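Open the model in your viewer and keep the selection panel at hand.

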There are 2 protein chains.
Amino acid sequence: MFKFELLHQSKRSQARVGRIHTPHGVIDTPNYVPVGTNGVLKAVDNAMLATLNCQLMFCNTYHLALHPGADIVEKAGGLHRYIARNQPIITDSGGFQVFSLAYGSVASELKSQGLKKSDNAVLKINESGVKFRSYRDGQIMELTPEKSVLLQKQLGADIIIPFDELPPFHCDALSLKRSFARTHRWQKRSLDTHLKNPKNQAMYAVVHGGLDQSLRQKSCQILTDLAFDGFAIGGSLGKNRDDLFQVLSHCTPNLPSAFPRHLLGIADIPSINRGVTFGIDTFDSCYPTKAARHGVVFVGDEKIKLTASRFKEDFTPIDPSCTCWTCQHYTKAFLHHLFKAHEPSAYTLATIHNIKAMMNKMAAIREQILNDEL
Amino acid sequence: MFKFELLHQSKRSQARVGRIHTPHGVIDTPNYVPVGTNGVLKAVDNAMLATLNCQLMFCNTYHLALHPGADIVEKAGGLHRYIARNQPIITDSGGFQVFSLAYGSVASELKSQGLKKSDNAVLKINESGVKFRSYRDGQIMELTPEKSVLLQKQLGADIIIPFDELPPFHCDALSLKRSFARTHRWQKRSLDTHLKNPKNQAMYAVVHGGLDQSLRQKSCQILTDLAFDGFAIGGSLGKNRDDLFQVLSHCTPNLPSAFPRHLLGIADIPSINRGVTFGIDTFDSCYPTKAARHGVVFVGDEKIKLTASRFKEDFTPIDPSCTCWTCQHYTKAFLHHLFKAHEPSAYTLATIHNIKAMMNKMAAIREQILNDEL
């Protein structure tokens, strides 16, 4: 059922327009993929999300495995039925969450806060996998490539991701090399488990190698030799957008054009605008939804902060050209008031708008590529 | 434009079915009135509320006057336009909030916590009105009958309420008598201000007198002699349901049947079931929405707690016969998970159901009364 259809290759860059066919429908690419960590976006339910033309949703295996548990989701008939979403879903492997617990985020590493909050969360990393403490109840859990894939089989997303090792951003060359070798062994084990347990799912490899050009090339080589259905750019993507674009320039030219490419965890507007020119097809990030909950909403490629006092008497919608629930019903003045009064519906309404704005943005990008403007 | 139409008087009690006509449409009675303190229900936006057939919404003048301010609402074209609600709205006078600040709730008074949290909130109460500190920024503010009504004129709800004095629940007979006299003088001043500033609004009087039968009778007498459009039962309603039903039995027989009657601040199912038999037409309370946010949802006259572990694998809707957004899309198992994961959409989805359940309950009650079963 899974198929990537390349519809148009821009004459001006690696940008392309395509269609990913999945058991739960089509994803037009390039596209934005919102994150529903626990099987739902923060503050927007899945039936409402379905009205926003969101074609792919990202869920986190780590969180869903801790609650409600993959067995419950399987009993419900799989993730789509459990969360009431009839459109495509992608799950990650849980690796990113486990290793973020161990090392903290790149941002906190850059502030030298890397290991502070995470003491004792990860107990042991060896060839087999990772032992860690559940953030929910402190229970000791283990994730291995095989276990991660079997959990993702139970969940039943349309696209799944192999279990990989994420080295910390600050990592010496030797450790990086060791981690690099292991992460590819783990991905091979993940793929084997995936192929041995067919369930109408596609698996995307995760390209590693940090900021090292030759490692990125080597990763592409190793992974394209295996039977993956697509490629995600992961591992360390650097500390800023210049680093990111460097990484992308080291990856996508080495990936076959007949397979879809996903950028893991990044979907701000500048990164998308440039990212598509490297031939990235899908971008996931919780940024648009998190920004919304802080009152930051998108108008074209710009952002406005609804809590600013200048909106107190602005009786126009966020974006008069937007057809979302929020812009069809509410003014900036009322949304300003809802944020000031800490009303929960403020978060819902701003998130609905940002998702719709991202969908509009991606549709515009597809149009630009079709016209060879990008 | 305001008119109360009595459609049917039960042969078995004072229960009746009617229709309140307002500038923004009809309210079928008896009915439940959800509370949107800041111009919106907690976690459910007004456009969504409109799909739930909610015919009257209660907003708090005190909160709206502090933010965004009645002037902003007036500039927007009134409360209906500001909050994007095209159906009827009722505002209170702000008195209840100010005096609750001073005395605490009945519940906290019963636990002898009455005056603790409220130190210094109310600075001065005299014949003119009340001086108090804003809970938002500590600014000193004054509410008088005239000011409260003019604020409600600026807001522009369909039904408004005179500024009244609420005595504390524990109050000696002399203080109660003094407060009783003053609250009626304040209501008269409120009505005068209302009539001098016509704006297509109706004003309901507030019947006072605490648990004292003769005071309740006297209050009805005083207020029915004035040009009010309806009657709200207010003041102290006692410490339990027996007290409440006593109070109602002292009030409604003394009110003319041609006018609508509202019960202030109470709308639990047992109180509604019995309250309608005293001829109460509308009930407001934040209980159904607050219960929802604690995972307590209504099924018929029963309640279930979605966080109970027995719902972890219950793949059926809250109420299979319910047509609400929540029951049409989601299972109890998924809602259980959303509550356990502290997902904000849990509060939204449970609230949507409880509002719809209340609307269904009230429709069933109207049917029972039409059939003389109540």
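Select helix 15 of chain A. Helix 15 lies across strand 1, strand 2 and strand 3 of chain A. Its direction makes an angle of about 125 degrees with strand 2 of chain A. Keep in mind that this is a predicted model.

Now select the sheet under discussion. Three strands of chain A form an open sheet, ordered 1-2-3, with antiparallel pairing. Strand 1 (3-9) and strand 3 (25-29) of chain A are the edges, each pairing on one side only. On average, neighbouring strands of this sheet are turned by 15 degrees against each other, direction ignored.

Zoom in on strand 2 (residues 16-22) and strand 3 of chain A. Five bridges join this antiparallel pair. Pick A:Thr22: its bridge partner in strand 3 of chain A is A:Gly25.

Next, show both chains. Rotating by 180 degrees, with 0.0 Å of shift along the axis, superposes chain A on chain B at an RMSD of 0.0 Å. The two copies are thus related as by a two-fold rotation axis. Which residue of chain A comes closest to the rotation axis? Select A:Pro344, whose C-alpha is at 3.9 Å.

Finish at the interface. Here 33 residues of chain A are in contact with 33 residues of chain B. In chain A, helix 3 (70-75), helix 4 (79-83), helix 13 (325-329), helix 14 (332-340) and helix 15 (344-370) each supply at least two residues to the side touching chain B. That side of chain A has 20 nonpolar, six polar and seven charged residues. Now color the interface residues on both chains. 100% of those in chain A are also interface residues in chain B, so the copies meet through the same surface.

Key
Residues are numbered from 1 along each chain as its sequence is written. Chains are lettered from A and ligands numbered from 1 in the order in which they are written. This is a predicted model: local features need pLDDT of at least 70, side-chain atom pairs count only at pLDDT 80 or more; totals for chains, interfaces and linings use all residues. Copies are superposed by least squares on the C-alpha atoms of residues with pLDDT of at least 70 in both. Two residues are in contact if their C-beta atoms, placed from the backbone, lie within 7 Å. Helices (H or I, at least four residues) and strands (E, at least two) are DSSP runs, numbered from the N terminus. Ala, Val, Leu, Ile, Met, Phe, Trp, Tyr, Cys and Pro count as nonpolar, Asp, Glu, Lys and Arg as charged, and the others, Gly among them, as polar. Two strands pair if DSSP finds at least two bridges between them. Axes are lines fitted to C-alpha atoms, for helices over the stretch in contact, and angles run from 0 to 180 degrees between N-to-C directions.
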